Amino acid sequence: MSAQDAKALAASRDRLVAWLRDAALPVWAVAGFDPQTGCFAEKLDLATATDTGAVSRPRVPPRQIYAFLVGRDLGWSGPAGEIACKGLIGFLRDFEASDGTIRLRTASGGDGEGSFDLYDQSFALLAYAHLAAALPELRGEMEQRAGWLAAELCERYAHAEAGFEEDVPRRLPLRANPHMHLFEAARAWEAVSDNPAWEEMADEIAELALSRFISPVTGALREFFDGDWQPMPGAEGRVVEPGHQFEWAWLLTGWARARGRTDALAAARALYVIGRDHGICPQRQVAFFSLTNDLQPLETHARLWSQTEWLKAALIQAEEAASAPERAACLADALRAIAALERFLAVETDGLWFDRILPDGEIVAEPAPASSLYHIVGAIAELDRVVRALGKANG
């Protein structure tokens, strides 16, 4: 990597950290959070930065808790701990069922009446891990809650082969995406707990990804499966998402490092290459939404979150690169991903973002979804980590 590129990467880190610290987190802490109720806004209006009143999904509070706690680590001096604690209370009040699972309430309310989504369980576990790490006074409670939830998943929702069902009774298709986030949550718990159950969960999901989710023919990770972990028949079974190639590449690389698994490193590298070579629009220079299983463009609109995962994957692949030219290429990719991400952040109301760019390049002016903050913060944290590591390596 040239000195000029290294300087550009560090400057990008500084710019994005400042944007997060001085614009995004302050806006979402005030306009996007009600300290009286502990509720987070689902969306903020782009022009006024006010809550649109959209119904909050169960995934949003834990993602916001994560974002504020990691934002504090990146230098935000606002009340991250207070927001996280009050947000946790509101989240449990509104979405925790009597069995410890997270459910979207029905209009009539009541424990367990709402729908179950495996995806929502993963983010609850992720938030509990970050609360346990960041707030020592909550560690015991978070370990207990996470243990209850994981036990319920394993006892009631475990798939006969590996992984988890979408619901009981069975609902198809089975999805890779909730497993990816359960994998992320289990890895987060590994960092704060000596309970071997978290390593076991992470290992099971990683092996499922390597053996079932990833095609042995193309090396691409597929999204939707039948009850035997075979790709769903028809169009669903042929979907490949570039953003998820990147996200799995990042997660699998971290796991492979911890376990000494060169096969997983190779699979992660292949996922990254597929996302980069087939999932980036050459005209718009953004990661678009989906491919077919033969790696042809399918849905070519672009979402903000895919750019953040492109950045994270490029950065970690640079660290794994076998040669200086390969490392330089990955870091150049990271700069491309930063440029793509910043297109979505170029909103008149600083601290908000666009979510979609259409195939013709038009940016859609619609309310900023709170759920994107999790992706943005995660990417900035990874960029900060890698820039710091490069600085140490270069003396």
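Colleague: Is Ala-49 buried or exposed?
Modeller: This is a predicted model, and Ala-49 sits in the loop between β3 and α2. Its relative accessibility is 14%. Buried means under 20% relative accessible area, so Ala-49 counts as buried.

Colleague: What is the phi of Ala-49, which is not a glycine?
Modeller: Ala-49 belongs to the loop between β3 and α2. Although Ala-49 is not a glycine, its phi is positive, at about 55°.

Colleague: Where is Trp-229 found, and is Trp-229 buried or exposed?
Modeller: Trp-229, although not a glycine, has a positive phi of about 60°. Trp-229 is found in the loop between β7 (224–225) and α8 (242–259). With a relative accessibility of 1% against a limit of under 20%, Trp-229 counts as buried.

Colleague: Which residues does Arg-59 touch, not counting residues up to four places away in sequence?
Modeller: Arg-59 is in the loop between β3 (43–44) and α2. At 18% relative accessibility, Arg-59 counts as buried. Once residues up to four places away in sequence are set aside, Arg-59 touches Asp-117, Tyr-119, Asp-120 and Phe-123.

Colleague: How many disulfides are there?
Modeller: A disulfide is a covalent bond between the sulfur atoms of two cysteines. For a pair to count here, the sulfur atoms must be within 2.5 Å. For Cys-39, the nearest cysteine sulfur is that of Cys-85, 16 Å away, so Cys-39 is in no disulfide. The count for the model comes to zero.

Colleague: Is Cys-39 buried, exposed or partly exposed?
Modeller: Cys-39 lies in strand β2 (residues 39–40). Its relative accessible area is 30%, and buried means under 20% while exposed means over 50%. Cys-39 is therefore partly exposed.

Colleague: And is Cys-281 buried or exposed?
Modeller: The limit for buried is under 20% relative accessible area. Cys-281 has 8% relative accessibility, so Cys-281 counts as buried.

Colleague: Which residues is Cys-39 in contact with, leaving aside its neighbours within four places in sequence?
Modeller: Cys-39 is in strand β2. With neighbours within four places in sequence left aside, Cys-39 is in contact with Gly-32, Phe-33, Asp-34, Arg-93 and Asp-94.

Colleague: Which residues touch the most other members of the largest nonpolar core?
Modeller: In soluble globular proteins, nonpolar side chains tend to be buried together. Here the largest nonpolar core has 129 residues. The ones that touch the most other members are Trp-28, Leu-125, Tyr-128, Trp-189 and Trp-248.

Colleague: What does Leu-125 touch, not counting residues up to four places away in sequence?
Modeller: Leu-125 is among the residues of the largest nonpolar core that touch the most other members. Not counting residues up to four places away in sequence, Leu-125 touches Ala-146, Leu-149, Leu-153, Leu-182, Ala-185, Trp-189 and Trp-198.

Colleague: How many residues are in the second, separate core?
Modeller: The second core includes Ala-220, Val-240, Phe-288 and Leu-291. These are part of a set whose number of residues is seven.

Colleague: Are α2 and α12 roughly parallel or roughly antiparallel?
Modeller: Helix α2 (residues 60–73) and helix α12 (residues 372–393) pack with their axes 8 Å apart, at an angle of about 30°. The contact includes Tyr-66, Ala-67 and Val-70 of α2 and Tyr-374, Val-377 and Ala-381 of α12. Angles under 35 degrees count as roughly parallel, so α2 and α12 are roughly parallel.

Colleague: In what loop does Pro-169 lie?
Modeller: The peptide bond from Val-168 to Pro-169 is cis, with omega near 0°. The peptide bond from Leu-172 to Pro-173 is cis too, with omega near 5°, and Pro-173 is placed between α5 and β6. Pro-169 lies in the loop between α5 (139–156) and β6 (174–175).

Definitions and conventions:
Residues numbered from 1 in each chain as written. Predicted model: local features only at pLDDT ≥ 70, side-chain atom pairs only at ≥ 80, totals over all residues. Heavy atoms only, no water. Core = buried A, V, L, I, M, F, W, Y, C linked by side-chain atoms within 4.5 Å. Buried < 20%, exposed > 50% of the residue type's maximum accessible area, 1.4 Å probe, protein only. Contact = heavy atoms within 4.5 Å. Helix = DSSP H or I, 4+ residues; strand = E, 2+ residues; numbered from the N terminus. Axes fitted to C-alpha atoms, helices over the stretch in contact; angles between N-to-C directions. Parallel < 35°, antiparallel > 145°, perpendicular 65-115°, else oblique.
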